[in-house]
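Here are my notes on the model you sent. Please read them beside the sequence and the structure.

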Amino acid sequence: MIRSELVQKLCHDFPDLTQREIEVVVTGIFNEITAQLAKGGRVELRGFGAFSTRQRDARTGRNPRTGEQVEVDAKKVPYFKPGKEMRERLNLGEVTAE
């Protein structure tokens, strides 16, 4: 699902709201999650999961086109850990081997 499909689904589920209103809400949620992560914070949505950042160390990479070695700087990357409720919903019907 892409962002526009999410907006369309929400428009269908909430016909009393306009598409523009839903777009503002979706954009606001994404912007707040991004802003919190940029500040080094964590965003936890109970039943869904938690967004946080992880630090990646500097390393030597390889240019896939030329094969030349390049230095890759250290950086922060977003990380998502699904919540228990989401994991359970994703695994409904699966039989675990014991």
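**Notes on the predicted model**

1. Start with Glu88. Glu88 sits in helix H3, which covers residues 84-90. Helices (H or I, at least four residues) and strands (E, at least two) are DSSP runs, numbered from the N terminus. With a relative accessibility of 45%, Glu88 counts as partly exposed. The cut-offs are under 20% relative accessible area for buried, over 50% for exposed, and partly exposed in between (1.4 Å probe, protein chains only). From Glu88 to Thr34 the sequence separation is 54 residues, and the C-alpha to C-alpha distance is 26 Å.

2. On the basis of the model: this is a predicted model, where local features need pLDDT of at least 70, side-chain atom pairs count only at pLDDT 80 or more, and totals for chains, interfaces and linings use all residues. Residues are numbered from 1 along each chain as its sequence is written, and side-chain values use heavy atoms, with hydrogens and water left out.

3. Next, the fold. The protein chain has 3 helices and 5 strands. Their order from the N terminus is α-α-β-β-β-β-β-α.

4. On overall dimensions, the protein chain has a radius of gyration of 19 Å, whereas a compact globule of 98 residues would have one near 13 Å. The radius is taken over C-alpha atoms, and the globule rule is 2.2 Å times the number of residues to the power 0.38. The C-alpha trace spans about 55 × 45 × 30 Å along its principal axes.

5. Last, burial. Of the 98 residues in the protein chain, 15% count as buried.
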